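Me: Can you walk me through this one? I'd like to start with the helices and then go on to the sheet.

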Amino acid sequence: VDSVPQGARLYVSNLTWAMTDDEFKAHFSKFGTDDAPLIEARIVRNSYNGRSRGYGFITFSTVEAAAAAKEGLDGQELDGRAITIQVATSTGPRAAGSKPRRRRRRPRKDADTDETTEAVADTTSGETQE
């Protein structure tokens, strides 16, 4: 799957949670041919409970087959839901030294007074006060 041409992999969203990989593949297989077969059909699942996350990826061997599937099925109903199809893009490796985004820290609540306090840095002395 790593040697697939750019544009031959599709991102499909708005899938039902009950859909299986086999049903997903069967729906797209009519766009694969002997010359340009469907390589992979995978629904992304939650790692904790195994339930579908509502989207998946379809990989064809050619860009033309992927374009035909996108044109033929984008906006069509699949198990009662209108699916959305886009050409998948690679996120690529992160730049050296980059870190994932972190959530902001929440202000602390004083347990005795139930008041919110924030740490304030004193720029003149370099000490932190609350």
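Reply: In helix α1 (residues 21-28), the buried residues are Phe24, His27 and Phe28. Buried means under 20% relative accessible area, exposed over 50% and partly exposed in between, with a 1.4 Å probe and protein chains only. Helices (H or I, at least four residues) and strands (E, at least two) are DSSP runs, numbered from the N terminus.

Me: Why are those three on the same side of α1?

Reply: They cover an arc of only 90 degrees around the axis, which puts them on the same side. The arc is that of the directions from the helix axis to the C-beta atoms.

Me: And what sits on the face turned away?

Reply: Asp22 and Ala26, both exposed.

Me: Before I go on, what kind of model is this?

Reply: It is a predicted model: local features need pLDDT of at least 70, side-chain atom pairs count only at pLDDT 80 or more, and totals for chains, interfaces and linings use all residues. Residues are numbered from 1 along each chain as its sequence is written, and side-chain values use heavy atoms, with hydrogens and water left out.

Me: OK, the core. Which residues touch the most other members?

Reply: In the largest nonpolar core, which has 20 residues, those are Val12, Leu15, Phe24, Phe28, Ile58, Phe60 and Ile83. Such a core is a set of buried Ala, Val, Leu, Ile, Met, Phe, Trp, Tyr and Cys residues joined through side-chain atoms within 4.5 Å.

Me: Which element gives the largest share?

Reply: α2, with four residues.

Me: Switching to the sheet. What is the strand order?

Reply: It is an open sheet of four strands, β2-β3-β1-β6, with antiparallel pairing. Two strands pair if DSSP finds at least two bridges between them. β2 and β6 are the edge strands, each pairing on one side only.

Me: How many bridges join β1 to β3?

Reply: Five. Tyr11, for instance, has Phe57 in β3 as its bridge partner.

Me: Which strands does α2 touch?

Reply: α2 packs on the sheet and touches β1, β3 and β6. Contact means heavy atoms within 4.5 Å.

Note on methods: Axes fitted to C-alpha atoms, helices over the stretch in contact; angles between N-to-C directions.
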